[in-house]
Amino acid sequence: MASPTLSAADAEKLNSLKSSVAGLPQISENEKNGFINLVARFLSGEAQHVDWSKIQTPTDEVVVPYDTLKPAPHDPAETKKLLDKLVVLKLNGGLGTTMGCTGPKSVIEVRNGLTFLDLIVIQIENLNKQYGCNVPLLLMNSFNTHDDTQKIVEKYSGANVEIHTFNQSQYPRLVAEDFSPLPSKGVTGKDGWYPPGHGDVFPSLRNSGKLDLLLSQGKEYVFIANSDNLGAVVDLKILNHLVHNKNEYCMEVTPKTLADVKGGTLISYEGRVQLLEIAQVPDEHVNEFKSIEKFKIFNTNNLWANLKAIKRLVEADALKMEIIPNPKEVEGIKVLQLETAAGAAIRFFDNAIGNNVPRSRFLPVKATSDLLLVQSDLYTLEDGFVIRNKERTNPANPSIELGPEFKKVGNFLNRFKSIPSIVELDSLKVTGDVWFGANITLKGKVTIVAKPGAKLEIPDGAVLENKEINGPEDI
């Protein structure tokens with residue numbers, strides 16, 4: 001591939017960065033090269049903006065409606081053959097810090113004492129048992145989660161699932177002022193480094209040796225998803241469709257609601273299907289991008305890709321996804337993290353498609369308000385799968401806003417004697433020092449606001465329907 005063209009000043013910056021990075025013993029040659037290439041592309045100012053007039057809405061051939069997919073084969077032997085082509089990969093690089101937890105986010109307990117990782121292992125184990133197949137589980141860790149994850153997966157040694165772990169790249173944070181690597185400025189430890197986004201999954205699969213291993217075992221497709229998306233389960237209809245139609249890549253999308261207006265969407269652009277992120281949208285078109293009328297779908301980050309195609313593209317250095325600059329501050333120093341997203345790779349694969357899937361395949365747990373949903377009677381747990389309660393007639397989940405007192409998982413759990421019944425809830429907003437008793441039922445639109453400095457307890461067995469509560473007298 002041709003090298004990006006740089007101004008003399010930028011070329012000097014890059015050369016100086018190269019020699020500094022060469023002296024960092026903590027990372028491999030592959031990581032050093034990957035990092036320098038990313039910075040070179042960033043400095044060359046590769047076009048990030050799209051020509052708005054060329055954007056077209058994808059047709060049903062490009063974004064295939066889920067309900068038009070053929071049913072999966074009925075013959076268990078055929079199903080086994082299909083599943084033996086598959087590998088499941090969960091993105092496991094994130095920490096649970098935003099929810100007040102230490103260690104990998106995937107070890108937060110979701111329901112019945114089971115963690116995200118427990119549920120994933122149970123699901124795949126059940127598939128392997130049911131069809132006599134061997135679907136392995138890969139966990140892509142970051143340097144932040146690697147050590148903990150290695151210890152955690154030991155508990156699954158008796159499970160009927162082959163578990164592989166590998167690390168995504170570790171890149172040095174860039175000092176914004178002079179483009180030097182932060183670790184060479186005396187910032188030791190983890191703060192000097194960052195994992196460069198999940199777009200790194202493709203080169204890291206290859207660099208770790210896992211890609212060649214899987215290909216040698218006859219594997220053909222990888223299903224990639226965030227470890228905190230409880231809806232991202234193996235789907236035989238999608239896998240069957242990709243194998244039969246020789247699609248090298250598939251992104252699961254789902255209809256937008258008002259909560260998802262900032263999510264990336266799929267467009268047809270110059271004859272290829274492409275992910276359009278809000279960061280690429282010219283300012284004058286941002287409101288149009290957020291409208292549910294024109295851009296009706298968004299990326300769930302459930303992605304399927306052909307392993308041979310990944311190998312071909314990585315080895316040709318052809319995956320040049322849009323760079324997302326992420327500015328941060330570490331110990332008072334302004335730094336830059338350059339990242340890429342796996343969904344943006346769609347335009348480099350042949351015969352790539354989107355699949356417009358039901359909302360049930362997108363159930364991420366990003367905050368304790370999501371935890372409230374999945375721990376409530378709105379869902380049940382069957383064989384590791386989180387299943388939505390049929391008694392809820394509204395296809396959308398209730399909107400839940402909990403105040404900062406509920407932000408950490410520990411505090412959240414302490415404030416509920418038991419999780420309320422919310423099957424008939426439309427929205428819940430809680431502000432202040434509020435505590436919930438046991439066996440409470442919430443219906444319609446409920447707002448609970450504790451007065452500043454006052455503790456507000458909702459008694460056991462209370463039924464609150466379309467109520468605004470500011471004190472005990474309102475209950």
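Modeller: First a term: a pocket here is an open set of grid points where a 1.4 Å probe fits, with protein on both sides within 12 Å along at least five of seven lines. Also, this is a predicted model.

Colleague: Fine. What volume does the second largest pocket have?

Modeller: The second largest pocket comes to about 570 Å³.

Colleague: Which residues are closest to its centre?

Modeller: Gly 34, Asn 37, Tyr 171, Pro 203 and Asp 317 are the closest, out of 25 lining residues.

Colleague: And which elements give two or more residues to the lining?

Modeller: Those are α2 (29-43), α6 (201-207), α10 and β17 (333-339). The largest share of the lining, seven residues, is from α2.

Colleague: You mentioned β17. What is the strand order in its sheet?

Modeller: The order is β9-β17-β16, an open sheet of three strands with antiparallel pairing. β9 (174-175) and β16 (324-330) are at the edges with a single partner strand each, so one side of each has no neighbour in the sheet.

Colleague: How many bridges join β16 to β17?

Modeller: Seven, and the two strands run antiparallel. As one example, Pro 325 has Leu 338 in β17 as its bridge partner.

Colleague: Switching to the nonpolar cores. In the largest one, which residues touch the most other members?

Modeller: Leu 89, Phe 202, Tyr 249, Ile 310, Leu 319 and Phe 349, in a core of 38 residues. Helix α10 (residues 307-315) supplies the largest share of this core, five residues.

Colleague: What is Phe 349 in contact with, leaving aside neighbours within four places in sequence?

Modeller: Its contacts include Phe 202, Tyr 249, Ile 310 and Leu 319.

Colleague: Now Thr 368. Is it buried or exposed?

Modeller: Thr 368 is buried, because its relative accessibility is 5% and the cut-off for buried is under 20%. Its place is in helix α11 (residues 368-375).

Colleague: What does the side chain of Thr 368 reach?

Modeller: The backbone oxygen of Phe 406, at 2.8 Å. Beyond four places in sequence, Thr 368 touches Met 99, Leu 402, Phe 406, Lys 407, Lys 408, Val 409 and Phe 412.

Colleague: Next, helix α8. How many of its ten residues are buried?

Modeller: Seven, so to speak for residues 236-245, the helix is mostly covered. The buried ones are Leu 236, Ile 238, Leu 239, Asn 240, His 241, Leu 242 and Val 243.

Colleague: What goes on at the start of α8?

Modeller: A side-chain oxygen of Asp 235 comes to within 2.9 Å of the backbone nitrogen of Lys 237. Just after the helix, Lys 246 has a positive phi of about 55°.

Colleague: Last one: how many residues lie between β13 and β14 in their hairpin?

Modeller: Two, and Glu 270 in that turn has a positive phi of about 50°. The strands, with β13 at residues 265-269, run antiparallel and are joined by five bridges. Ser 268 stands opposite Val 273 in β14. Four of the five residues of β14 (residues 272-276) are buried.

Key. Residues numbered from 1 in each chain as written. Predicted model: local features only at pLDDT ≥ 70, side-chain atom pairs only at ≥ 80, totals over all residues. Heavy atoms only, no water. Buried < 20%, exposed > 50% of the residue type's maximum accessible area, 1.4 Å probe, protein only. Pairing = 2+ DSSP bridges. Polar contact = N/O pair within 3.5 Å; in protein donor to acceptor, adjacent residues only side chain to side chain. Contact = heavy atoms within 4.5 Å. Core = buried A, V, L, I, M, F, W, Y, C linked by side-chain atoms within 4.5 Å. 1 Å grid on protein atoms, 1.4 Å probe; cavity = no way out; pocket = protein on both sides within 12 Å on 5 of 7 lines; lining within 4 Å. Points joined across faces, edges and corners; volume = space filled by probe spheres on them.
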